[in-house]
Amino acid sequence: MNNTSILSGKKILVAVTGSIAAVKTPMLVSRLVKAGGEVRCVLTESASKLVSPLSLSTLSRNKCYQDKDQWDDYQKKPLHIALAEWAELIIVAPMSATSLSKFACGNADGLLASILLAAQSQIIVAAAMNTSMWSHESVKKNWNYLKTVDRIICLEPCEGLLACDTFGDGKMTNLDIIEIAIQSVFIFRKQNKILTRDFKNLKFLVSTGPTVESLDAARQLTNRSSGRMGVLLAQAARLRGAKVDLVHGPINFQNELFEGLNTYPIRTALEMEQKIDYLRPSASVIVMAAAVSDFKKNSPSETKISKELFIDSVFDDIEMTPDILKNQTLKKFKNQIFLGFAAESGSDIEIREKGEKKRIAKGCDLLMANPIDRDGQGFEENFNSGFLLGPNKMVKNLSLSTKLSISHQLLDEIQKFEP
């Protein structure tokens, strides 16, 4: 398996502006360097009061540039042009209200402002500021303008406790989300494309993770699904402009990976079906990635059953859980797209055949059949592969890749699909 990071050897310029969230940026730089990226940093004058240029240069293994360097006598060409041409991706994290205003209004005052106007590469901006500043009409106007520019990826702040002791919107999005955006840019760049908001104004409904069915007070029926595939697909869709509802079983992700998603935690298959039934009518795309437990005990014991009596008791009233995907496709509206998942074992031919039978039986438009009996992929792993199956004997081979890359490939196929 090739575990080489997609960031290996990529030229990434990280810019830091004057928001208290700047104290988090050195950790982002460290992560990018560990992933193999070639990182250079730019620090605005106000940001230098919050983060040491020495810390950024040490972590990046490169000089940290400031306004005073812009017209250095030793430069062969203007520094802002040289850095803009060098960078394959520019990240502004955090972006303050001042830097946002400069960028949106075409103000080239300062090294970073000049770089952003000269750049032809994709730019990720992660805003961070006081809640009142973020909600100000002028800031919203500037932010909404940036969102109209295809090569600019705007990561809105989230809700949290801010440095001013205010609880509200304005906290910089967490580093995991920024990394998902960075990796996504290079996934698209590999195909000579740019990441855009091509799902703007669409509503996604995604289910993920396992469901859990109680047997008694101590034991339960479930499966090994981590929920990672569904969460990454939900975040990839959000990054591409979609609004996303995520119905998920018990999973061990830190809450930060749910940022920006409308989340609905459930436990049992019945709870999942009820929540999906409620949310489905407003969705344009329904992705059923959850690994639903196939069986449940009709009347689980409220006390722990002794080992001696357990086997006879547990199989006494076992029944099938609802077939959520099939039940939902029966209620499908015109123009809704259903993507199902089938976790299978066996050879490639067996997986394709089982997957196609399920696609037809479940009534979904598209179905990804993926192996779960191969080392390093599937349940609880960062990699996946499989076959995307569709009408008219459509088969698309999804070769072994990260689950984020697979997510974008699936979204590309959904984008092309005509119900």
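**Exercise 1.** In what order do the 8 strands of the open sheet stand?

*Solution.* Before starting, note that this is a predicted model, where local features need pLDDT of at least 70, side-chain atom pairs count only at pLDDT 80 or more, and totals for chains, interfaces and linings use all residues. Residues are numbered from 1 along each chain as its sequence is written, and side-chain values use heavy atoms, without hydrogens and water.

Step 1: the order is β13-β12-β9-β14-β17-β18-β19-β20, with mixed pairing. Strands are DSSP runs (E, at least two residues), as are helices (H or I, at least four), numbered from the N terminus; two strands pair if DSSP finds at least two bridges between them.

Step 2: β13 (262-265) and β20 (394-402) each have a single partner strand, so one side of each lacks a neighbour in the sheet.

**Exercise 2.** Find how β18 and β19 pair.

*Solution.* Step 1: β18 (residues 366-371) and β19 (residues 383-390) are antiparallel partners over 3 bridges.

Step 2: within β19, L388 is the bridge partner of M368.

**Exercise 3.** Is F315 buried or exposed?

*Solution.* Step 1: locate F315 in the loop between α11 (307-314) and β16 (318-320).

Step 2: its relative accessible area is 63%, so F315 is exposed (buried is under 20%, exposed over 50%, partly exposed in between; 1.4 Å probe, protein chains only).

**Exercise 4.** Which residues does K326 contact, leaving aside neighbours within four places in sequence?

*Solution.* Step 1: K326 belongs to helix α12 (residues 324-329).

Step 2: its contacts are A361 and K362, where contact means heavy atoms within 4.5 Å.
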